[in-house]
Amino acid sequence: MNDAARKTFLAAYELRMLTLAHHPRAGRKTSYRAALILQARLLAAVLDGREDTYTPLPWR
């Protein structure tokens, strides 16, 4: 990937990560970056046995 394409991709990625969306488990709006962290913690809780089920975050 050349420099111009990399800069374009990273700019679009950062914009998406800052976008707010409703997180059903948290019950509030969070950025996609925070939602990914929350999803990782929820998955870890299921793997540790602290939670029974994992519900994925629907992406639009």
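Residues are classed here by relative accessible area: buried means under 20%, exposed over 50%, and partly exposed in between (1.4 Å probe, protein chains only). The model is predicted, so local features need pLDDT of at least 70 and side-chain atom pairs count only at pLDDT 80 or more, while totals for chains, interfaces and linings use all residues. Residues are numbered from 1 along each chain as its sequence is written, and side-chain values use heavy atoms, with hydrogens and water left out.

By these classes E51 is partly exposed, because its relative accessibility is 31%. E51 takes part in a salt bridge with R25, with an N to O distance of 2.8 Å; a salt bridge is defined as a side-chain nitrogen of Lys or Arg within 4 Å of a carboxyl oxygen of Asp or Glu. R25 lies in the loop between β1 (20-23) and β2 (28-31), and E51 in the segment after α2, so the bridge ties together parts that are 26 residues apart in sequence. Helices (H or I, at least four residues) and strands (E, at least two) are DSSP runs, numbered from the N terminus. R25 is also partly exposed, with a relative accessible area of 40%.

The structure contains four salt bridges. One of them joins R33 to E14, whose closest N and O atoms are 3.0 Å apart. This pair links distant parts of the chain, since R33 belongs to helix α2 (residues 32-48) and E14 to helix α1, 19 residues apart. R33 counts as partly exposed because its relative accessibility is 31%, and E14 falls in the partly exposed class at 36%. A further salt bridge is formed by D48 and R50, with 3.1 Å between the closest N and O atoms. Here D48 is exposed at 56% relative accessibility, and R50 is exposed at 57%.

Helix α1 (residues 3-18) includes L10. F9 and Y13 also lie in helix α1, four residues apart, which is about one turn of the helix. One aromatic pair is present in the structure. The ring centres of F9 and Y13 are 6.3 Å apart and their planes meet at 20°, so this pair is stacked. Rings of Phe, Tyr and Trp (its six-membered ring) are paired if their centres lie within 6.5 Å; planes under 30 degrees apart count as stacked, over 60 as edge-to-face and the rest as tilted.

M1, F9, L10 and Y13 make up a nonpolar surface patch of about 460 Å². Patches are made of residues with over 30% relative accessible area and no salt bridge, with like charges joined within 9 Å and nonpolar side chains (Val, Leu, Ile, Met, Phe, Trp, Tyr) within 5 Å; accessible areas come from the Shrake-Rupley method with a 1.4 Å probe, and for residues only the protein chains shown count as cover. F9 is partly exposed at 48% relative accessibility, L10 at 44% and Y13 at 38%.

H23, in strand β1, is buried, with a relative accessible area of 1%. Its side chain makes a polar contact of 2.7 Å with the side chain of Q39. A polar contact is a pair of N or O atoms within 3.5 Å; within protein, one must be able to donate a hydrogen and the other to accept it, and residues adjacent in sequence count only if both atoms are side-chain atoms. Apart from neighbours within four places in sequence, H23 is in contact (heavy atoms within 4.5 Å) with R28, T30, A35, L38, Q39, L42 and L57.
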